[in-house]
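Have a look at the structure first, then read on.

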Amino acid sequence: MKTIAGTAIAVFLLFAVAPSRSVVAQDAKKTKAPDAGAIERGRYIVESVAMCGRCHTPWNQNGEGKRENWLLGGPTQIQASYPVPNWAVVEPRLAGRPPGTDEEFVRLLMTGISRTGARPDPPMPPFRMTRPDAEAVLAYLKSLKQ
Ligand code: HEC
């Protein structure tokens with residue numbers, strides 16, 4: 001008798017708890033709160049794959065970037081080995097809030113087209129990321145100190 005009652009309570013709890021969990025998941029989707037997984041994935045892409053910091057972080061003469069300057073932007077340090085007329089002179093700050101809207105940023109990383117409707121000047125690479133990867137990069141950049 002006791003076990004039947006126990007099972008009944010367990011089944012009741014299962015149904016009582018399960019729906020509230022999925023409501024929480026839906027809410028998170030609606031507000032697009034960046035989860036820790038997305039931020040970690042964004043960090044991996046920025047630091048270990050796309051190397052955004054190689055350009056968007058000021059480096060010293062030994063090619064070392066300081067962590068306190070991380071992704072703060074500055075003058076373009078990488079120079080072309082032959083003259084390129086539209087070589088950019090400044091790399092914008094990415095930490096905290098990259099330029100433009102969220103959607104413009106995601107589009108830039110998915111298509112290589114910037115908020116101006118054209119490609120950014122070289123040496124900014126034309127990335128072709130998936131939407132989840134581009135959104136993860138954005139979540140990571142937003143997680144950095146403004
Ligand atoms: C090889 C150097 C280089 C790398 C690597 C690089 N960038 Fe850039 N990025 C630039 C330069 C230079 C500009 C300025 C282009 C211009 O002025 O048109 C720029 C511009 C931008 C802009 C501004 C675009 C706009 O609409 O004005 C964003 C956002 C950006 N980069 C994000 C990133 C992210 C995110 C990464 C890594 C996933 C990255 N960049 C990697 C060089 C680089």
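1. E47 is partly exposed, at a relative accessible area of 28%; buried means under 20%, exposed over 50% and partly exposed in between, with a 1.4 Å probe and protein chains only. Helices (H or I, at least four residues) and strands (E, at least two) are DSSP runs, numbered from the N terminus.

2. Some ground rules before going further. This is a predicted model: local features need pLDDT of at least 70 and side-chain atom pairs pLDDT 80 or more, while totals for chains, interfaces and linings use all residues. Residues are numbered from 1 along each chain as its sequence is written, and side-chain values use heavy atoms, leaving out hydrogens and water.

3. By the salt-bridge rule the count comes to seven. One of them joins D102 and K142, with the closest N and O atoms 2.7 Å apart. Because D102 lies in helix α4 and K142 in helix α5, the pair ties together parts 40 residues apart in sequence. D102 is partly exposed at 31%, and K142 is partly exposed at 35%.

4. R131 is partly exposed at 34% and E135 at 30%. Salt bridges with shared partners also join R97, D102 and K142 into one network.

5. Which residues of α4 are buried? They are F105, V106, L108 and L109. Because they cover an arc of only 155° around the axis, they lie on the same side of α4; the arc is that of the directions from the helix axis to the C-beta atoms. What covers these buried residues includes α5, with contact meaning heavy atoms within 4.5 Å.

6. Lastly, the metal. H56 (NE2) and M124 (SD) coordinate the iron atom of the ligand at 2.0 to 2.2 Å; donors are N, O and S atoms within 2.8 Å of the metal (3.2 Å for Na, K and Ca). H56 is buried at 8%, whereas M124 is partly exposed at 22%.

Definitions and conventions: A salt bridge is a side-chain nitrogen of Lys or Arg within 4 Å of a carboxyl oxygen of Asp or Glu.
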